[in-house]
Amino acid sequence: MREVAVIGIGQTKVDEHWDLSLRELAGMAVLDALADAHLDGAQALYVGNMLGGSANSQQHLGTYIADWVGLRGAEALHIESACSSGAAAFRSALMAVSSGAVDVAVAVGVEKMTDSPGNEITGELATAADADYEAGMGLSFVALNALLMRRYMHEYGWKHEHFAPFSINAHANAVHNPCARFHEPITEKSYLRAPMVAEPINLMDASPIGDGAAAAVLVPLERLNRNNGRPVIRVAGSAAATDTIAIHSRRDGLWLRAAELSARQAYAQAGVGPQDVDVFELHDAFTIMAALSLEASGFAERGQGPRLALDGEITPEGKVPIATRGGLKARGHPVGATGMYQIVELVQQLRCEAGGTQVPGARVGMAQNIGGSGSNILTTILVRE
Ligand code: COA
């Protein structure tokens, strides 16, 4: 297998893009990434997307987007893995380049959710759960996460207010990210006063619906032009793991086994451990998911994720900076695009291009993208050489 580098990134702002189609959003990110890589084409395109068929009446996204960006003739595939579709597209591009099958691959994640009424999108998102035993019984993703959060609070004695720092950190960081959905900082008071969605999850515990696209260009490390003065960003670890699709089938519903498995493999590949990670872009679709992800990935003891946040360790100045560009909570969560936003944001951090939320001296970055309620999880580690 060949070592692989990320040499170009592109992204759109996460927003309500009613004037842009799925292909226009994806195209903007892909063409920006190619321009950033100083390339005008690629041999392969991998598109991460979850809801194109149901929300946008458009499938066949590999061809649809390759055609739009002028990659006719190239290999082009659509990869679907619910909310982890973005990281799955990145991993597909990585496999293609590291195996030697392809020399230049582009991975793009794209999603366009805001054209549909909220109740329809909620139903479409729930197709990532178990249709017979979860969604079919009326459970939405907010409701599933509310059950987990309620149980977690019961088991470990945390109160709702103890989750506030996750949301406050995400919104504070998003202020400095022009591509983020929200640019207003929040306070503990506004967190506590936010409208309830599915108790105990309120508006400030949940990521928003949004539209956006993010992309990256991957090439073999051996073919890199090392004389252009740019930092070299190498893919040091990439692993994927699954768990049961329904939460009730798990022996321990409060442990993200797929996060543990994929993180452990990615650490081993990269030759690092949690103590070496300078930035962790985790999947804070809900504040409870941020806590569970920190624990399963080895950053906090079981049941102690909120402690890290309460101690101020998750900010850009802390021991485990998370959601440094706003995270899913405040940059936004256009589901199939999210995993690619995380990669783009890690590259920004490792290139020292993260502006007001730059983590000083960041060299090792980790991203974790979760599909379903922890049922399909990909962990990626990037390192600045
Ligand atoms: N955080 C902060 N503000 C939010 C927000 C969020 N999560 N969601 C919406 N808002 C804001 C909007 O910007 C809008 O503000 P404005 O009035 O100043 O323009 C206002 O709240 C109302 O927005 P609206 O779109 O009508 O909200 P909603 O009540 O329809 O939806 C949720 C709110 C939380 C139900 C929706 O965002 C949601 O379903 N989130 C979860 C998505 C999900 O499950 N993703 C998959 C996870 S794996």
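1. In this note a helix is a DSSP run of H or I with at least four residues, and helices are numbered from the N terminus. The structure under review is a predicted model. With helices named in this way, α7 (164-174) and α10 (287-296) each contribute at least two residues to the lining of the largest cavity.

2. The volume of the largest cavity is about 60 Å³. Its lining consists of F166, S167, N169, A170, L282, D284, T287, A290, I322, A323 and K329. The greatest contribution to this lining comes from α7, with 4 residues. By class, the lining of the largest cavity comprises 6 nonpolar, 3 polar and 2 charged residues.

3. Attention then passes to the open space. Two helices, α5 (118-125) and α6 (141-156), each provide at least two residues of the lining of the largest pocket. That lining divides into 18 nonpolar, 10 polar and 2 charged residues.

4. Which residues are the closest to the ligand? Of the 14 residues that surround the ligand, the closest are L203, A206, S207, P208 and K329. The shell around the ligand contains 11 nonpolar residues, 2 polar and 1 charged.

5. A polar backbone atom of L203 lies 3.4 Å from a nitrogen atom of the ligand. For P208, a polar backbone atom is likewise 3.4 Å from a ligand nitrogen atom. At A206, the distance between a backbone N or O atom and a nitrogen atom of the ligand is 2.8 Å. Taken on its own, the ligand has 920 Å² of accessible area, of which the protein covers 59%.

6. Two points of backbone geometry should be noted by a reader new to this structure. Most residues other than glycine have a negative phi, and most peptide bonds are trans. The peptide bond from E199 to P200, however, is cis, with omega near 5 degrees. P200 belongs to the loop between β5 (196-198) and β6 (201-202).

7. H38 is located in the loop that runs between α1 (22-36) and β2 (44-48).

Technical notes: Residues numbered from 1 in each chain as written. Predicted model: local features only at pLDDT ≥ 70, side-chain atom pairs only at ≥ 80, totals over all residues. Heavy atoms only, no water. Near = heavy atom within 4 Å. Polar contact = N/O pair within 3.5 Å; in protein donor to acceptor, adjacent residues only side chain to side chain. Areas by Shrake-Rupley, 256 points an atom, 1.4 Å probe, with all protein chains shown as cover. Nonpolar A, V, L, I, M, F, W, Y, C, P; charged D, E, K, R; others polar. 1 Å grid on protein atoms, 1.4 Å probe; cavity = no way out; pocket = protein on both sides within 12 Å on 5 of 7 lines; lining within 4 Å. Points joined across faces, edges and corners; volume = space filled by probe spheres on them.
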